[in-house]
Amino acid sequence: MVGKSFILAMTVVFLALVNSYAAGDWQSFPVCDLGYEQTAPSVSGDSVVWTDKRSGGYDIYSYNLAEPNEYPVCTAGGDQKEPVISNDIVVWTDNDDIFGYDLRDSVAFIICEDDVEQECPAISGNIVVYRDKRNYTENGFDIYGCDISDKLNPNEFQICTQGHSQYYPDISGDVVVWIDTRNDNPDVYGYDLSDEQEFEICLNTSGQYYPKVSGDMVVWLDDRNGHSDIYGYRISTQTEFPICTHSDSKNNPAISGNLVVWQDKRNGDTNSDIYGYDISSGIEFAICTAAGNQINPVIDGDTVVWQHNTGSSADIYCAYRPVPSVLTIIFPDGGEMLRADTATDISWQSSGPVIDTVRLEYSVDDGGNWDIITLGTANTGLYDWDPIPAENSDQCLIRISDFSDSGACDVSDGVFTIFECSESLIADLNGDCFVDMEDFALFCQQWLQGGNPYDL
């Protein structure tokens, strides 16, 4: 049977997660808002790239969030579009060819310049995938890949050249995913580069679109319910699950680890906002609901980037989810025996953004009710609990929380005991609520001594 203390602890964790994902915690700011047309962002680590029209044509620019500084990646003639980035390598389409650029040494290189069209590139590490039209007369568009470990001699290879058409490829590690029309409707397929095996992900008879993959997880847009929804799939267990199925329009999902983001029109038919979902906790949250039209979100870790449209302007915006403050009780944390009317140190640890003051409470009924120890004490990791209240209970807990109500909170992992010493223990000479040899030694020291100063 699960105890109340366990349920309470899980509730505290859940509420802290909800609070940490609140829209106010996502600190958004412009990456590029020059008033021109900045579109199609991609992010990896501290680097953001996008298509930029400040010079009239379409160029590729980057921005280092850590510095922060902006850099041109490619401003050559013609149009450069569809930029993507993995670590320090930027890839884009350049007049229907695929080019790359290494941010570390500022070197550009050719990935694929076949006579026909290549488009929709994606990159993970040293592997680039893209949609290719070289077999179009027979099979439609295919999925090709290229190993750019040697940038001067890239190694191209086929991934899928099935009949009909494949499009919207994405890659994470050894897993490539794409949309495939071999069954006369858009389905999601995958391919494992390590064993060169293709596998099915979703063959629902409705339409699937825009698949994205991160590690073991795949997400996509799905219209099986009569409107655009977000669905997910865990490759290792071959398990499909819904992520967001409300009836309002959704589009352009992206994923990093357990975090999924997408553009969402639940707040109005005209403009989209950016929403997210944590697969591990099942919590959905708003990232940006500001005025204007937020579209094309991308994510890496806790960094989300999107295109922000207002009027004729298209800008690039970014949001971080700050690392939450964490409080962790060290003592008492379950199983201890504390005697009433004595003193003990309550100890804890804190991490993340600084918490100045904490609140301490105790419960004697496994979290059913709480009494104040102190409304506010300095967050030093130590508090002198003196005296321990006169209680008799083996269902005691300590709760610590941020005085400013940031959501940081912790409860003892298990119950402990507070007890009053029985008055019947008259042989306890040293007051430790236990009769032992120390009490006998005190007795012996005073053997046959009197307490009358006039007659010792």
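Reply: Happy to! Strands here are DSSP runs of E with at least two residues, helices are runs of H or I with at least four residues, and both are numbered from the N terminus. This is a predicted model, in which local features need pLDDT of at least 70, side-chain atom pairs count only at pLDDT 80 or more, and totals for chains, interfaces and linings use all residues. Residues are numbered from 1 along each chain as its sequence is written, and side-chain values use heavy atoms, with hydrogens and water left out.

Let's take the open sheet of 4 strands, which runs in the order β2-β3-β4-β5 with antiparallel pairing; two strands pair if DSSP finds at least two bridges between them. Its edge strands are β2 (38-44) and β5 (69-74), each pairing on one side only. On average, neighbouring strands of this sheet are turned by 25° against each other, direction ignored. For such angles, axes are lines fitted to C-alpha atoms (for helices over the stretch in contact), and angles between N-to-C directions run from 0 to 180 degrees. Strands of a sheet pair through backbone hydrogen bonds, either parallel or antiparallel.

Now zoom in on β4 (residues 59-64), which is joined to the antiparallel β5 by 5 bridges. Here Y61 stands opposite P72 in β5. The loop between β4 and β5 holds P68, and a cis peptide bond joins E67 to P68, with omega about -10°. Most residues other than glycine have a negative phi, and most peptide bonds are trans. A40 counts as partly exposed because its relative accessibility is 28%; buried means under 20% relative accessible area, exposed over 50%, and partly exposed in between (1.4 Å probe, protein chains only).

Further along, Q238 also has a phi near 55°. Q238 sits in the loop between β20 (229-234) and β21 (239-244), and its relative accessible area is 62%, so Q238 is exposed.

Another open sheet has 3 strands in the order β29-β31-β34, with antiparallel pairing. The loop from β34 to β35 includes P387, where the peptide bond from D386 is cis, with omega near 0°.

Strand β35 (residues 393-402) contains S401, which counts as buried because its relative accessibility is 9%. Beyond neighbours within four places in sequence, S401 is in contact (heavy atoms within 4.5 Å) with residues including L327, T357, R359 and C409.

Finally, helix α3 (residues 437-445) holds L442, which is partly exposed because its relative accessibility is 33%. L442 belongs to a nonpolar surface patch with L429, M437, F440, F443, W447 and L448, which together have about 800 Å² of accessible area. Patches take residues with over 30% relative accessible area and no salt bridge, joining like charges within 9 Å and nonpolar side chains (Val, Leu, Ile, Met, Phe, Trp, Tyr) within 5 Å. A salt bridge is a side-chain nitrogen of Lys or Arg within 4 Å of a carboxyl oxygen of Asp or Glu. Accessible areas come from the Shrake-Rupley method with a 1.4 Å probe, and for residues only the protein chains shown count as cover.
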